Amino acid sequence: MKASTFDDRLAVSVTLTAGGTAHAIPPGDVKSFELDLRAWGFEGRVDFLVADNAAVGGLESDALKAAFLEPDLLEVALELKAVQTDAATQPAITPVKVKGLVVERSLVELPAAPQPGTPLLFRRYGVRFVDAARLLWGQHHPVCLYTQKTVQDVLDAHKGEKVSLTYDWQDGLGTTHAQLFLGLPPEDGASFYDFLIWYVHTRNGVLAWDYTAQGLSLSAAKAASGTPVDVLAPDVDTVALSFPEVPRHEMAVLNAVAEGAATTPIANTQAVTGIRQDVLLRTSVADEVDARVTLETARLKVPGMEVELGWRRFPAAALAPGTLVKLPSAEAWSATGLAAGGTYRVRHLHVRGEALKPGPDAAHLEPHAGFHFSMATRLERQEETWVDLPPYTPPRWPRYVEGTIVSEVGEEADETWQAYTDSATSLDGYRVKVPLWEDQVITVPFNPHLLPGHFYFPAYKGQRVLVALDFQKAWLKRFLDWRDGARMPADGQGVHLMVGKTAQSGTSLKHSYTDGKPVFLLQRTNAKDTARIEIKEGTLLIHVEEEQA
């Protein structure tokens with residue numbers, strides 16, 4: 001955005017809270033500030049002076065220094081409020097407010113004169129701050145598994161005490177899922193904040209920072225209600241129209257399943273022929289394909305015209321992102337291509353101010369001060385559906401953890417197998433217990449895995465397996481141990497196929513070497529009843545025996 005510059009008076013209120021103690025800074029002692037407010041959050045900085053002249057007989061002491069020097073979390077509340085005394089009718093003045101957490105801090109001591117040994121009179125403090133979600137969730141890298149939970153449940157479990165969340169997105173947040181897995185180790189870069197932005201972006205949601213409640217809101221659509229604030233033509237210096245990049249691609253959803261492979265195109269009237277983006281699926285569930293086509297159709301949005309305003313004075317009404325504004329209906333405004341008196345929504349506000357009198361004594365303890373401003377505002381149409389989101393690092397999947405196969409067939413000690421049928425999709429799956437996360441049970445596909453289809457060897461109860469976890473699905477990666485009694489001595493170079501419920505109720509097929517000569521053994525066991533066929537050099541033995549009690 002191209003900002004306009006001007007001089008104006010402003011009341012800048014700053015409160016720092018450290019260790020539960022609030023330190024209010026008089027507006028006249030604020031010497032510099034900057035705010036970058038976006039629909040999804042904010043960042044800012046502020047420099048201010050604190051007097052400390054008790055050592056030379058003064059009445060002021062610095063109560064902030066001790067807490068400021070500690071590494072404890074600092075909270076900042078900053079408020080910008082216009083000072084307009086030149087109008088015949090005083091306007092209703094509402095402030096721009098933000099409340100965030102300190103990222104960086106600085107401290108400079110200012111003596112009365114530059115000579116060595118001169119008494120200290122002021123300290124200049126500086127802080128840079130961001131919204132709580134951006135700071136805290138940017139350092140949050142959980143690896144957690146949830147079953148039969150909603151995404152809202154997951155967000156509530158991780159929001160902590162400093163992040164406020166509100167929800168109005170039932171389809172995106174309120175649906176119960178069989179599996180939700182957060183695999184966000186720090187070495188891969190994606191944080192919990194990245195995960196949130198990725199989820200909102202890929203599920204066609206809306207993430208907004210509520211500058212009134214000072215918290216995040218997640219919703220299915222942008223808020224359209226509210227009384228628009230009138231933009232006064234004398235307050236505006238420049239008007240420019242901006243046209244964001246238009247998507248020039250078509251889309252297609254590709255289902256790569258062998259039985260029923262299909263390509264479903266999604267049209268875009270602004271697309272250039274031959275340019276497209278493909279979404280690749282592999283599913284035999286038709287409803288999953290239909291849902292993805294619906295989602296990608298909704299996500300393909302053409303952003304509309306935006307309006308950039310430069311200012312010649314700080315407006316009386318707060319223009320934080322999300323605020324609806326009504327533009328002037330004068331002919332000069334409509335001549336730019338804007339609808340006369342049209343209603344728009346603030347999407348981005350950037351403002352920077354430097355005190356006109358930076359000296360320590362200038363405006364000390366005063367309720368407001370003069371600043372040299374740089375200020376610009378970006379507006380979008382009230383009906384705009386395109387959502388502005390910050391850049392993010394997409395989470396990476398899969399992650400690998402160990403589990404054990406679940407089967408409810410037979411006795412506890414029986415090494416049985418079981419296929420569980422999903423009532424919604426009619427697909428069969430294994431159930432796998434994951435010890436790391438309180439023995440939660442997930443479902444993975446019931447298929448031949450790495451074996452060709454003419455081998456039917458389902459995984460047995462209690463078998464230790466490596467599981468690949470995606471966000472909402474999982475699959476068996478490999479098997480990790482030998483069945484009890486299956487392993488053969490190395491000196492015989494044997495191989496062993498062991499089937500059945502237990503070693504006392506099953507069949508064993510072995511091939512090994514004795515004195516360098518091959519030996520084949522097939523044995524069926526059922527408690528005390530055994531039958532065996534043994535073939536070795538010069539011998540074929542068939543033996544059936546039932547042990548007597």
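Predicted model: local features only at pLDDT ≥ 70, side-chain atom pairs only at ≥ 80, totals over all residues.
Reader: What percentage of the residues is buried?
Author: Of the 549 residues, 42% count as buried. Buried is under 20% relative accessible area, exposed is over 50%, and partly exposed is in between (1.4 Å probe, protein chains only).

Reader: What radius of gyration does the chain have?
Author: It is 34 Å, whereas a compact globule of 549 residues would have one near 24 Å. The radius is taken over C-alpha atoms, and the globule rule is 2.2 Å times the number of residues to the power 0.38. Along its principal axes the C-alpha trace spans about 115 × 65 × 40 Å.

Reader: And how many helices and strands?
Author: The chain has 7 helices and 32 strands. Both are DSSP runs numbered from the N terminus: helices are H or I with at least four residues, strands are E with at least two.

Reader: Take strand S3. Which strands is S3 joined to by bridges?
Author: S3 has 8 bridges to S4 (residues 41-51), and the two run antiparallel. It also has 7 bridges to S20 (residues 343-355), again antiparallel. Two strands pair if DSSP finds at least two bridges between them.

Reader: Is S3 mostly covered or mostly uncovered?
Author: Mostly covered: 7 of the 9 residues in S3 (residues 30-38) are buried.

Reader: Moving on. Where is Val 130?
Author: Val 130 is in strand S7 (residues 120-130). Its contacts, leaving aside neighbours within four places in sequence, are Phe 42, Glu 43, Gly 100, Leu 101, Val 103 and Leu 135. Contact means heavy atoms within 4.5 Å.

Reader: Why does Val 130 count as buried?
Author: Because its relative accessibility is 5%.

Reader: How far is Val 130 from Leu 35?
Author: They are 9.7 Å apart, C-alpha to C-alpha, and 95 residues apart in sequence.

Reader: What about Pro 95, buried or partly exposed?
Author: Pro 95 counts as partly exposed, at 22% relative accessibility. It lies in the loop between strand S5 (74-82) and strand S6 (96-111). Beyond its neighbours within four places in sequence, Pro 95 is in contact with Glu 79, Leu 80, Lys 81 and Ala 318.

Reader: Last one, Ser 374. What does Ser 374 touch?
Author: Not counting residues up to four places away in sequence, Ser 374 touches Ala 3, Ser 4, Thr 5, His 350, Val 351 and Arg 352. Ser 374 lies in strand S21 (residues 369-381) and is buried, with a relative accessible area of 10%.

Definitions and conventions. Residues numbered from 1 in each chain as written. Heavy atoms only, no water.
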